[in-house]
Amino acid sequence: MNPQIDADTTLSVPGHPLTFEQVRIENTAHCGYKCFFCPRESLTRPLGFMPLSDFELVLERVGTHAGRVDLHGFGEPLLDAQLPAKVAVLKERWAEAIPTIYSTLGCAIPASRLSALVGAGLAHIEVSFYGADERSYELAHGVDRFELAKKNLELLVRARARMGSKLRIVVRRFPEHEHIKQPGASEEVVRAHYEWMMSLGVEFIRERPLHNYGSGRAYNRAGTLDACSVIWGLRYRILQVTWDLHVIPCCFDFDASVPLGNLREQSLQDIFCSEEYRKFYLAHASNELSNYPVCVRCERCREP
């Protein structure tokens, strides 16, 4: 279904089933990287870490969930010292959950934190490793933490083997784009780098195409036709919660500029029956997005 309706503020919206294919909980918005494709320079919202008590409240508000749970958002999850505890609580509350993080691994953290994550039941980690040597890594990520990321990847692989874990470790290659390419390293250096990673027994996948991060970048032409799946398809079935418990409609809303409600004060039913959600839904269904700048320049997701 791809709804298209005339703008009419008297219209109601379909009731949300309040069941989700994925739950995404931002444990922190802090990050020490300056990746050129990431609009962190435009971030105005507060930065912080989600307390364990708030994390438990989110799980309570959701109720039950089986499937992927992303414990990251617009930050580096490994900076959160309580991340292993959150993974453990998640597995205790939701036995069929698949705890997942995205990370650069470029954090000066104790090796024990990586081991604790594996032991707590982390099921899936995707590593943004955009560089094959110090120079190409810094050109992509804005900082030179190439050797640190390599060291932590090796530590993670060893912890997985030592504990007999089934943790899936996936290294993501530089995003695809017609014009924006991986800067820096020669083919020989790139080949040697991937041979080293293959020797560790990790998986590789091509990163998704570069996107605009809503209004954060302008790599691609903004979507102009058809309603975004945020009201009918894939992104409609994803619950997105910031570190301070705001429910936002999409991960590309990097500055949490469209807070639909807050789980500290409201239930999911309250949020998805709210006037804020009704206005957001109708704006997308009628293609009248002027009140949502983050959506105006977005490519729009059309995944069913």
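## A negative surface patch

A charged patch joins like charges within 9 Å, using residues with over 30% relative accessible area and no salt bridge, a salt bridge being a side-chain nitrogen of Lys or Arg within 4 Å of a carboxyl oxygen of Asp or Glu. In this predicted model, local features need pLDDT of at least 70 and side-chain atom pairs pLDDT 80 or more, while totals for chains, interfaces and linings use all residues. Residues are numbered from 1 along each chain as its sequence is written, and side-chain values use heavy atoms, without hydrogens and water.

Here, Glu 134, Glu 138, Asp 144 and Glu 147 form a negative patch. Glu 138 sits in helix α4, residues 134-141 (a DSSP run of H or I, at least four residues; strands are E runs of at least two). Its relative accessibility is 40%, so Glu 138 counts as partly exposed (buried is under 20%, exposed over 50%, partly exposed in between, with a 1.4 Å probe).

## Arg 24 in strand β1

Let's turn to a strand. Arg 24 belongs to β1, residues 22-25, and counts as buried because its relative accessibility is 15%. The side chains of Arg 24 and Gln 22 make a polar contact at 3.0 Å (N or O atoms within 3.5 Å, one able to donate a hydrogen and the other to accept it).

With 26% relative accessibility, Leu 18 is partly exposed.

Arg 300 follows α9 (293-296) and has a positive phi of about 75 degrees. Arg 300 is buried, at 13% relative accessible area.

Note on methods:
Patches are made of residues with over 30% relative accessible area and no salt bridge: like charges are joined within 9 Å, nonpolar side chains (Val, Leu, Ile, Met, Phe, Trp, Tyr) within 5 Å. Accessible areas come from the Shrake-Rupley method with a 1.4 Å probe; for residues, only the protein chains shown count as cover. Lys and Arg count as positive and Asp and Glu as negative; His and the chain ends are not counted. The place of a charge is taken as NZ of Lys, CZ of Arg, CG of Asp or CD of Glu.
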